[in-house]
Amino acid sequence: YFNEFNLVDYDPKKWARMAKEAGMKYMVLTAKHHDGFCLFDSQYTDFKATNTKCGRDLIREYVDAVRGEGLKVGLYYSLIDWHHEDYPHFSDGAHPMYQNPVYKDDDRNWDRYLEYMHNQVRELCTNYGKIDVLWFDFSYSGPDNHDVIPGAKPWMQYHGGKGKNEWEAEKLIATARSLQPHIIIDNRTELEQDLWTPEQYQPLEWIKHEKTGELVTWEACNTFSGSWGYYRDEMSWK
């Protein structure tokens, strides 16, 4: 839908006003999801809203609107990018082309992808003023609904905690904190940070650190229904 993308009803000022009236203290908007499409005007890709019929930097409008209501500004950014030519398609168990022989990983350059991803995070932390929350997604290790891929390269192993090194997460977070010293970062780079994010269930007691038993800061990560995106026939509203 790239050629038809045009948000005629996009009204972040209205969203921010309603959020404030509802008692919300902050908002988080998706700057880029797994599909790689950017709602911000990144200089590192052509796959962005400013190159569509919409022709607007939607993140710019959002941050201005949220600040205008006195709310804290949050941005979501997916660490994976199914559109990027150097992101592994064949060996990523979540990728639409997983194990499709036409989409082998042989010619993909992981270091080049990391440079791209780190550059985009730097953009988000540099070009939009003070950012209060940076919500990274997603982690590879730990329980999930994907199979461990035999023989996969280290960064594609879903269990064992290897993702934190392959994302260069230490460097990524250090960059974000150097540009946004007061920012809150979630724990989905595989490194323990400020915010724990239990997904698709409502905890019945306060989340505790799995090693120390200490209470941690957390937020429930839930969809309103069963889908993460728009689904016309959705009927499973919570």
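Predicted model: local features only at pLDDT ≥ 70, side-chain atom pairs only at ≥ 80, totals over all residues.
Visitor: How are the ring planes of F2 and F37 set to each other, stacked or edge-to-face?
Guide: The ring centres of F2 and F37 are 6.0 Å apart, and their planes stand at 90°. Since planes over 60 degrees apart fall in the last-named class, the pair of F2 and F37 is edge-to-face.

Visitor: How many residues apart in sequence are the parts that this pair of F2 and F37 ties together?
Guide: F2 belongs to the segment before α1 (12-21), whereas F37 sits in the loop between β1 (26-32) and α2 (58-68). The pair therefore ties together parts whose separation in sequence is 35 residues.

Visitor: What is the arrangement of the rings of Y10 and W15?
Guide: Y10 has a relative accessible area of 11% and is buried, while W15, with 37%, is partly exposed. Their ring centres lie 5.3 Å apart with the planes at 90°, so the arrangement of Y10 and W15 is edge-to-face.

Visitor: Which residues form one aromatic cluster?
Guide: Ring pairing is judged by centres within 6.5 Å. One aromatic cluster is formed by Y87, W110, Y113, Y116 and W167.

Visitor: How is the direction of helix α3 related to that of helix α5, parallel or antiparallel?
Guide: The axes of α3 (residues 110-126) and α5 (residues 169-179) come within 9 Å and cross at roughly 15°. Angles under 35 degrees place a pair in the class that applies here, which makes α3, relative to α5, roughly parallel.

Visitor: How many residues of the contact of α3 with α5 are nonpolar, polar and charged?
Guide: On the α3 side the contact is made by M117, H118, V121, R122, C125 and T126, and on the α5 side by K171, L172, T175, A176 and L179. These residues divide into six nonpolar, three polar and two charged.

Visitor: With which residues is H89 in contact, leaving aside its neighbours within four places in sequence?
Guide: H89 lies in the loop between β2 (72-78) and α3, and at 7% relative accessibility H89 counts as buried. Leaving those neighbours aside, H89 is in contact with W82, H84, H95, M97, Y98, Y103, D105 and R108.

Technical notes:
Residues numbered from 1 in each chain as written. Heavy atoms only, no water. Axes fitted to C-alpha atoms, helices over the stretch in contact; angles between N-to-C directions. Helix = DSSP H or I, 4+ residues; strand = E, 2+ residues; numbered from the N terminus. Parallel < 35°, antiparallel > 145°, perpendicular 65-115°, else oblique. Contact = heavy atoms within 4.5 Å. Nonpolar A, V, L, I, M, F, W, Y, C, P; charged D, E, K, R; others polar. Phe/Tyr/Trp six-rings, centres within 6.5 Å; stacked < 30°, edge-to-face > 60°. Buried < 20%, exposed > 50% of the residue type's maximum accessible area, 1.4 Å probe, protein only.
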